[in-house]
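Here's a quick tour of a structure for someone meeting it for the first time. Have a look at the chain below, then read on.

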Amino acid sequence: MSLLSLRNVSAFYGQSQALSCVDLDVEEGALVALMGRNGMGKSTTIKVILQMLPAAGGEIAFDGKDLRALPSHKAARLGIGLVPEGRRCFRSLSVEENLLAAARKGHWDIARVGEIFPRLLERRKQSAGSLSGGEQQMLAIGRALMTNPRLMVLDEATEGLAPLVRQDIWNAISTLKRESGLSFLIVDKTLKEISAVADKIVVMARGETVWNGVPNALTPEITDRYLGV
Ligand SMILES: Nc1ncnc2c1ncn2[C@@H]1O[C@H](COP(=O)(O)OP(=O)(O)OP(=O)(O)O)[C@@H](O)[C@H]1O
């Protein structure tokens with residue numbers, strides 16, 4: 001059974017339709033990449049999953065529960081950890097305070113987050129605003145882990161980071177997937193990097209999911225047409 005499943009999901013910003021038919025499954029323990037050119041609806045799909053924007057139609061199920069039927073505060077507690085675009089840490093709070101502010105009971109605590117990101121432990125008393133971009137991204141992932149989710153949703157987690165730092169982030173995500181059994185839905189534009197870690201790629205164009213399959217099944221026709229690479 002899929003942990004997360006979207007069927008024929010649509011959504012609007014006011015009168016303007018942003019999603020028309022989104023079909024998507026994230027299986028338990030899988031890493032699914034959501035890809036597509038700018039403005040095709042990836043971030044909107046994430047907003048709809050997290051109920052930051054209501055779906056106009058279709059079905060969204062998480063762990064077999066109908067998310068659209070639940071009030072958003074209940075849906076948030078079901079176990080979806082968001083790493084938002086732009087990191088959005090509390091800059092004046094320390095690394096430790098940022099992590100504790102997100103904490104919910106469960107496996108993940110500061111020590112375990114520190115095993116994945118030792119640099120966060122070294123800088124635990126430093127303010128989040130004084131961290132490098134890569135460290136802030138690690139903190140954003142750490143904060144999502146502290147909510148003890150079953151599904152991690154990352155929106156452009158490596159955007160704007162230097163290649164070596166991006167590789168650190170991908171390595172941490174691979175370790176998490178291998179060792180924790182967490183599921184991932186990741187929006188990213190770097191096909192080569194995401195192909196190395198993804199179990200499945202879902203491609204969006206103009207508010208619809210238009211292709212999905214294992215990374216090896218992506219043909220030059222699909223990448224030319226929908227990903228512009
Ligand atoms: N707050 C908003 N109000 C109105 N329209 C919006 C809003 N946010 C996004 N849109 C529109 O919805 C469509 C989908 O945008 P979305 O941000 O989901 O795309 P995306 O695939 O995540 O793009 P990018 O890769 O550039 O982040 C676009 O046409 C965009 O202009």
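## Starting with one residue

In which helix does V113 lie? V113 is part of helix α4; helices here are DSSP runs of H or I with at least four residues, strands are runs of E with at least two, and both are numbered from the N terminus. Before going further, note that this is a predicted model, where local features need pLDDT of at least 70, side-chain atom pairs count only at pLDDT 80 or more, and totals for chains, interfaces and linings use all residues. Residue numbers start from 1 along each chain, following the sequence as written.

Is V113 buried or exposed? V113 is buried, because 24 other C-beta atoms sit within 10 Å. The cut-offs go like this: 20 or more other C-beta atoms within 10 Å of a residue's own means buried, 12 or fewer means exposed, and anything in between is partly exposed, with C-beta atoms placed from the backbone. Skipping neighbours within four places in sequence, V113 is in contact with L99, W108, L120, G142, L145 and M146. Contact means that the C-beta atoms of two residues, placed from the backbone, lie within 7 Å. As for A101, which is 12 residues away from V113 along the chain, the two C-alpha atoms are separated by 14 Å.

How many of the 14 residues of α6 are buried? The count is 12, so α6 is largely enclosed by the rest of the structure.

From first C-alpha to last, α6 reaches 20 Å, close to the 20 Å expected at 1.5 Å a residue. That expected span is 1.5 Å times one less than the number of residues in the helix. After α6 comes N148, with a positive phi near 55°.

## The nonpolar core

The largest nonpolar core has 61 residues, and those with the most contacts inside it are V32, L34, V83, V153, F184, L185 and I186. A nonpolar core is a set of buried Ala, Val, Leu, Ile, Met, Phe, Trp, Tyr and Cys residues joined through C-beta atoms within 7 Å. Helix α6 (residues 133–146) gives this core its largest share, seven residues. The core also draws at least three residues from each of domain 1 and domain 2.

Take V83 as an example. Leaving out residues up to four places away in sequence, V83 touches A140, I141, A144, M152, V153, L154, D155 and A157.

## Two domains

Where do the domains run? Domain 1 covers 1–79 + 150–163 + 176–229, and domain 2 covers 88–149; the bounds come from an automatic or database domain assignment. The C-alpha centres of the two domains lie 24 Å apart. Eight residues from domain 1 and six residues from domain 2 make the contact. On the domain 1 side, that contact has five nonpolar, two polar and one charged residues. In this scheme Ala, Val, Leu, Ile, Met, Phe, Trp, Tyr, Cys and Pro are nonpolar, Asp, Glu, Lys and Arg are charged, and the others, Gly among them, are polar.

## Around the ligand

Which residues surround the ligand? They are Y13, S16, A18, G36, N38, G39, M40, G41, K42, S43 and T44, where being near means a C-beta atom, placed from the backbone, within 6 Å. The elements giving two or more residues to this shell are β2 (16–27) and α1 (42–49). The largest share, three residues, comes from α1. By class, the shell has three nonpolar, seven polar and one charged residues.

Most residues other than glycine have a negative phi. D63 is not a glycine, yet its phi is positive, about 55°. D63 sits in the loop between β4 (57–62) and β5 (65–66), and is partly exposed, with 16 other C-beta atoms within 10 Å. R206 also has a positive phi, near 45°, and is found in the loop between β9 (200–205) and β10 (208–213). R206 counts as partly exposed because it has 15 C-beta neighbours inside 10 Å.
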